[in-house]
Amino acid sequence: LRDSLFERCGVGLLLEADPAEDGSKLGEKDAPRYKRVNHEVELERTTFLACREAGFRRRGADGKNDGLGYRFSECLFQGNDAGIEFVRPSADSSFTIERSRFLANTRYGLIATGYAGDPSVFRRVSDSLFRWNGIGLHATCVNLELERCRVQSNLGNGIFASNFLAEPTTTRVKNSLITGNGASGFYGLADARLLTVELVHCTIAANAATGVYDKKRHAGKSQYSLRGCIVARNGEDLHGLEQEQVFDSWIGSFGDAGRGEPGFASVGAGDFSLA
């Protein structure tokens with residue numbers, strides 16, 4: 001699809017696999033069972049406005065890494081209940097989102113839940129804006145990588161990542177700005193399993209509750225690494241992390257005098273470059 005508009009729909013574009021006849025376990029315990037199918041889907045300059053449920057929804061399982069997956073380029077998701085949903089499960093094929101905007105979606109800008117699948121397969125988002133959504137990005141049991149993104153002024157968490165699968169999952173955020181969100185900038189939940197979080201060259205600032213929050217439940221384990229990051233002016237900069245998990249970074253609350261000041265150019269104007 002190119003240069004298309006979906007406006008005031010229930011779901012703008014729905015892709016759903018056929019129910020599996022053999023009853024194989026592909027989803028959650030109470031989820032429908034789906035056949036595995038391959039998809040190669042590309043959307044360019046496509047807009048989803050004010051859809052009551054979701055702009056784009058993918059439900060069911062794909063073939064394991066044998067399709068090109070899903071690519072979104074220069075798309076706009078605005079005023080929907082959710083911008084993009086990959087649910088029950090989001091399966092093994094990857095998706096790529098480039099130069100897209102997620103604005104004022106009621107629940108989520110992007111939500112992806114499912115199976116990690118091949119640990120080398122990452123869902124990738126780059127050069128995109130998540131602003132004024134309920135939650136900017138929600139990733140459960142998937143490997144996700146963000147690069148050069150702005151996650152700003154979302155009502156709840158900017159990024160929420162969790163894992164309850166036997167396989168470990170990784171969320172990696174690089175060269176991104178996470179600021180002004182109503183709860184945590186980054187919230188990670190390790191629920192009985194292992195969640196790995198890598199934050200590289202990010203500025204995480206002025207989030208109301210926490211800059212980076214590490215939550216463990218049911219004996220879950222987490223591995224965090226902050227490299228070359230600035231974390232400052234949040235309600236609490238870091239929660240649940242230790243100094244040995246931080247490398248070559250500037251953490252405001254680690255200073256001898258307590259909360260420090262990194263010297264942002266103009267916080268009031270939303271300019272978090274360094275003066």
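This is a predicted model: local features need pLDDT of at least 70, side-chain atom pairs count only at pLDDT 80 or more; totals for chains, interfaces and linings use all residues.
User: Why is Arg107 called partly exposed?

Analyst: Buried means under 20% relative accessible area, exposed means over 50%, and partly exposed is in between (1.4 Å probe, protein chains only). Arg107 has 34%, so it is partly exposed.

User: Where is Arg107, and what does it touch?

Analyst: Arg107 is in the loop between β12 (101-103) and β13 (108-113); strands are DSSP E runs of at least two residues, numbered from the N terminus. Leaving out residues up to four places away in sequence, Arg107 touches Glu53, Asp81, Ala82, Glu85, Gly134 and Ile135, where contact means heavy atoms within 4.5 Å. The C-alpha atoms of Arg107 and Ile135 are 6.1 Å apart, though 28 residues separate them along the chain.

User: What makes the pairing of Arg107 and Glu85 a polar contact?

Analyst: A polar contact is a pair of N or O atoms within 3.5 Å; within protein, one must be able to donate a hydrogen and the other to accept it, and residues adjacent in sequence count only if both atoms are side-chain atoms. The side chains of Arg107 and Glu85 meet at 2.6 Å, and the pair is listed as a polar contact.

User: How do you know which aromatic pairs are edge-to-face and which are stacked?

Analyst: Rings of Phe, Tyr and Trp (its six-membered ring) pair if their centres lie within 6.5 Å; planes under 30 degrees apart are stacked, over 60 edge-to-face, and the rest tilted. That rule gives 15 aromatic pairs. Phe56 and Tyr70 come out edge-to-face, at 6.4 Å centre to centre and 70 degrees between the planes. Phe56 lies in strand β6 (residues 54-59) and Tyr70 in strand β8, so the pair ties together parts 14 residues apart in sequence. For Phe86 and Phe95, the centres are 4.6 Å apart and the planes at 25 degrees, so that pair is stacked. Both Phe86 and Phe95 are buried.

User: Why does Phe56 count as buried, and Tyr70 too?

Analyst: Phe56 has 0% relative accessibility, so it counts as buried. Tyr70 has a relative accessible area of 2%, so it is buried as well.

User: What makes a set of residues a nonpolar core?

Analyst: The members are buried Ala, Val, Leu, Ile, Met, Phe, Trp, Tyr and Cys residues, joined through side-chain atoms within 4.5 Å. The largest core has 47 residues, and Phe56, Phe72 and Leu226 have the most contacts inside it. Strand β23 gives the largest share of this core, 3 residues. Apart from it lies another core of 6 residues, among them Ala205, Ile230, Ala232 and Phe272.

User: Why are β4 and β29 called edge strands?

Analyst: Two strands pair if DSSP finds at least two bridges between them. The open sheet has 9 strands in the order β4-β8-β11-β14-β17-β20-β23-β26-β29, with parallel pairing. β4 (40-44) and β29 (246-247) each have a single partner strand, so one side of each is left without a neighbour in the sheet.

User: How do you know that β20 and β23 are paired?

Analyst: Strand β20 (residues 169-174) is joined to strand β23 (residues 194-200) by 6 bridges, and the two run parallel.

Technical notes. Residues are numbered from 1 along each chain as its sequence is written. Side-chain values use heavy atoms; hydrogens and water are left out. Helices (H or I, at least four residues) and strands (E, at least two) are DSSP runs, numbered from the N terminus.
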